[in-house]
Amino acid sequence: KSSASSFADNIQVDDRLPARREQYRRYQCMLRERFKGMNETEIAFVLPLMPSGEPSSIGSVLHETQECSPCFNMAAFGACKSGIRCMYCHLNHQVPPQVLEARRAACSEAACEGGKRCRPTKDARAMYRELVAKNETEIKRDPLNWKIESVAVP
């Protein structure tokens, strides 16, 4: 076997993602406890600043350690209705353009009217799962030559 194919056999994407999500849930619980009872001014004082000079978000506290998760509302739209109390990072992240396009499409103005949570239909979620499975298979087949640009977002 070539070193590339043995490398591909060792990739266990599915095993790592749930553990990362669970770890992030624990971090969120710790952050909620840390900022519990604080007012907006007190929170803003201890948060890292965004490039604009404004306070970021509670989730941004983890940015320096690279344990944060980006706020897709900030990445896609430049605004988050949770503001500084958001549990996701408002600092700059490299988010693939395909992900941002999909997020914007899923959260069109009509879908998010009245501040409702944006959630795709059951059929759209099933289609997305199939697309992700297909892309994971392609990545595992040849991880060193796979390119993000090859992904077509419906």
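Reader: Is Cys80 buried or exposed?
Author: This is a predicted model, and Cys80 sits in the loop between helix 4 (72-77) and helix 5 (97-106). Buried means under 20% relative accessible area. Cys80 has 15% relative accessibility, so Cys80 counts as buried.

Reader: How many disulfides does a search of the whole structure find?
Author: A disulfide is a covalent bond between the sulfur atoms of two cysteines. Here the cut-off is 2.5 Å between the sulfurs. For Cys71, the closest cysteine sulfur is in Cys80, at 3.8 Å, so that pair is too far for a bond. Across the whole structure the search finds 0.

Reader: Is Cys71 buried or exposed?
Author: The same test applies: under 20% means buried. Cys71 has a relative accessible area of 6%, so Cys71 is buried.

Reader: What lies 2.9 Å from a polar atom of the side chain of Ser60?
Author: Ser60 lies in the loop between helix 3 (40-46) and helix 4. Ser60 is buried, with a relative accessible area of 1%. Beyond residues up to four places away in sequence, Ser60 touches Pro48, Tyr88, Cys89, His90 and Leu91. The atom at 2.9 Å from the Ser60 side chain is the backbone nitrogen of His90.

Methods
Residues are numbered from 1 along each chain as its sequence is written. This is a predicted model: local features need pLDDT of at least 70, side-chain atom pairs count only at pLDDT 80 or more; totals for chains, interfaces and linings use all residues. Side-chain values use heavy atoms; hydrogens and water are left out. Helices (H or I, at least four residues) and strands (E, at least two) are DSSP runs, numbered from the N terminus. Buried means under 20% relative accessible area, exposed over 50%, partly exposed in between (1.4 Å probe, protein chains only). A polar contact is a pair of N or O atoms within 3.5 Å; within protein, one must be able to donate a hydrogen and the other to accept it, and residues adjacent in sequence count only if both atoms are side-chain atoms. Contact means heavy atoms within 4.5 Å.
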